[in-house]
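Welcome! Take a moment to look through the model below, and then we can walk through some of its backbone and side-chain features together.

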Amino acid sequence: VLDVFVLQAASGGRDMLISGGADGKCNIWELGGHAGDCVQKHSFQVGDNTSGSKCVRAVRAREGMIIVGTAGNEIYSCRIDEVSGKPGLVKKEMEGHYEGEVTCICSNAKNYDFCTGGGDKRVRVWNSNGKKARSVLQLASEVMAVDWCNEDGASNGHIAAALFNGSTAILMLKDGKGLAQIHEISDSSRHPCSARYSDDGKLLAVGRLDGTINVYKATERYGRHAKLGLHTGAVRALDWTISGQHCYLRSNSYEPEELYFWDMEAAQAAMHVKRLQDVREAEWQPASAKISWPNQGLIQNDRASDMRPSHFVGAVQCAPNRKSIVCGDANGEIRLFRNPCLSPNAYGRPYFGHRAAITAAQFSFDSRMVLSAGGSELCVFQWVVREQVDSIPRGEEDPTVARRPTKVGDNGQRDVTIGAEKGASREDLFLLQGQEAIKQMNLAVQAQRWSDITHHLQAAMRSYSNTPADARAALQKDALQMVMGVVTFINKSCIDIEDLVEYAKVDPQGW
């Protein structure tokens, strides 16, 4: 028994005790008038054949409703009669990955479905509108990468799931029957890192930890087409040219940073492209390759800026409408940039929520949503993207500003705005950023969150230093309020001002 809860009786009945244990069973006991007088009345079982673990970890009850949480990351509800304690129908309210990490996400190219894979050896297909899993399938090993191909004209198509044991499972979401495995590729024992279908669905590329890439012919029962191997690091991202063009493949390693191009229509089945002019005019799928021309500004992390990733970026994806780029870093921050992101000064405001490294990020098929996976926290976040008129020319140094999310609405989604305010100048943007940082600083002071205080203090100082001298007067009043709030916090918390200054890397004389 891992958890118990006492439910006070309604009028005319006795108190009930509800217990849950490792066997997945919840027992309902009637408490007598004397100590130790307890009689079991009813019981019910939670979990099904798709559950990873039926072990009950938490039980609560209120107003005739029992809520049960399991070690398999599932939540069940069961309504009971408040007098007799007789249970009704057991309903699964929520489920998710429960072991290891959520390693990968892939969106359906025709609707709001998406699939995830993780360390629990399961592929789950979800619906963004319903926010629930449509189907779950357990595979032979941990799922390292997934990709969804819809080029057969159907809304389901094939899902390629690259597994930790080196094999690749080909799945299909069958109407009314859920996920089913229809084929398996088992010609390698090397750990995979990425998988991508070509735009016409005829080829499948799987990148591996040893730097090799296996290419398969999807139209010929996934027979091997070519094996490519020039990378010295793990192949983390793959992109194909769009349908109707010469077929090229682009591959990335992140550690070390490597970019290679491959001609998939060469006489030898595949050949390394040595001249960049050969691929200069190529049009690519919505890019997942971090090391590429549209992401030149994104991968340059030399400047310390509140608007740029300060940690390793492990997930990058271009929107299908080619207007924006989403990236996730090892600090759990999601950022949005305008596509292409060419300047090292490009802005991408962070959006917070994850508490673990971002392992994957994807746009929905219509570019209106962003899906992000939080790795070891086993969470998938769904964000709504709203676009505004952008008046800053593409030649400017700071082409993109992403506004912070609004509060979570009734639909549980976070609204994210991309683009600068209409008519905003560069000086206005620095001023707005400084004011926003000061506002967030004051909120952090009230909540006494030390890490957030220093984070926003850095942002305010950078905005202040970049604001022209004749415009700094607008920040003076807010800055004074912020400094007074910091001093109040220091006095209450007995924090040395020198430690604060050293941590935040600010110049106290400048204030």
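What follows is a short tour, from the whole chain to single residues.

**The chain as a whole**

The model is predicted. Its chain contains four helices and 33 strands. Of its 511 residues, 50% count as buried. The chain exposes about 24,100 Å², and carbon and sulfur atoms supply 48% of that area. Among contacts between residues at least 6 apart in sequence, 48% join residues at least 24 apart.

Strand β2 (residues 16–20) pairs with strand β3 (residues 25–31) in the antiparallel sense, over five bridges. Gly20 has Cys26 in β3 as its bridge partner. The hairpin of β2 and β3 has four residues between the strands, and Gly24 takes a positive phi near 80° there. On to the next pairing: β3 and strand β4 (residues 38–45) run antiparallel and are joined by seven bridges. Here Leu31 has Cys38 in β4 as its bridge partner.

**Backbone points worth a look**

Most residues other than glycine have a negative phi, and most peptide bonds are trans.

Tyr222 belongs to the loop between β19 (212–217) and β20 (223–229), while Arg322 belongs to the loop between β25 (313–318) and β26 (324–329). Are these two residues buried or partly exposed? Tyr222 counts as buried because its relative accessibility, 7%, is under 20%. Arg322, with a relative accessible area of 37%, is partly exposed.

**Aromatic pairs**

The count of aromatic pairs comes to seven. Two of them are set out here.

| Pair | Distance between ring centres | Angle between planes | Kind |
|---|---|---|---|
| Tyr112 and Phe365 | 5.0 Å | 75° | edge-to-face |
| Tyr254 and Phe312 | 6.4 Å | 65° | edge-to-face |

Tyr112 and Phe365 link distant parts of the chain, 253 residues apart. Tyr112 is in the loop between β9 (102–107) and β10 (113–118), and Phe365 is in the loop between β29 (360–363) and β30 (369–373). Tyr112 is buried, with a relative accessible area of 18%, whereas Phe365 is partly exposed at 31%.

For Tyr254 and Phe312, the planes stand at 65°, which is over 60 degrees, so the pair is edge-to-face. Tyr254 lies in the loop between β22 and β23 and Phe312 in the loop between β24 (271–272) and β25, so this pair ties together parts that are 58 residues apart in sequence. Tyr254 is buried, with a relative accessible area of 7%, and Phe312 is partly exposed, at 40%.

Elsewhere, ring pairs link Tyr351, Phe381 and Trp383 into a cluster.

**A nonpolar patch**

Finally, have a look at the surface. Ile67, Ile75 and Met94 form a nonpolar patch there, with about 250 Å² of accessible area together. Ile67 is placed in strand β6 (residues 65–70), and its relative accessibility of 37% makes it partly exposed.

Conventions
Residues numbered from 1 in each chain as written. Predicted model: local features only at pLDDT ≥ 70, side-chain atom pairs only at ≥ 80, totals over all residues. Heavy atoms only, no water. Helix = DSSP H or I, 4+ residues; strand = E, 2+ residues; numbered from the N terminus. Buried < 20%, exposed > 50% of the residue type's maximum accessible area, 1.4 Å probe, protein only. Patch = residues over 30% accessible without salt bridge, like charges linked within 9 Å, V, L, I, M, F, W, Y side chains within 5 Å. Areas by Shrake-Rupley, 256 points an atom, 1.4 Å probe, with all protein chains shown as cover. Salt bridge = Lys/Arg side-chain N within 4 Å of Asp/Glu carboxyl O. Pairing = 2+ DSSP bridges. Contact = heavy atoms within 4.5 Å. Phe/Tyr/Trp six-rings, centres within 6.5 Å; stacked < 30°, edge-to-face > 60°.
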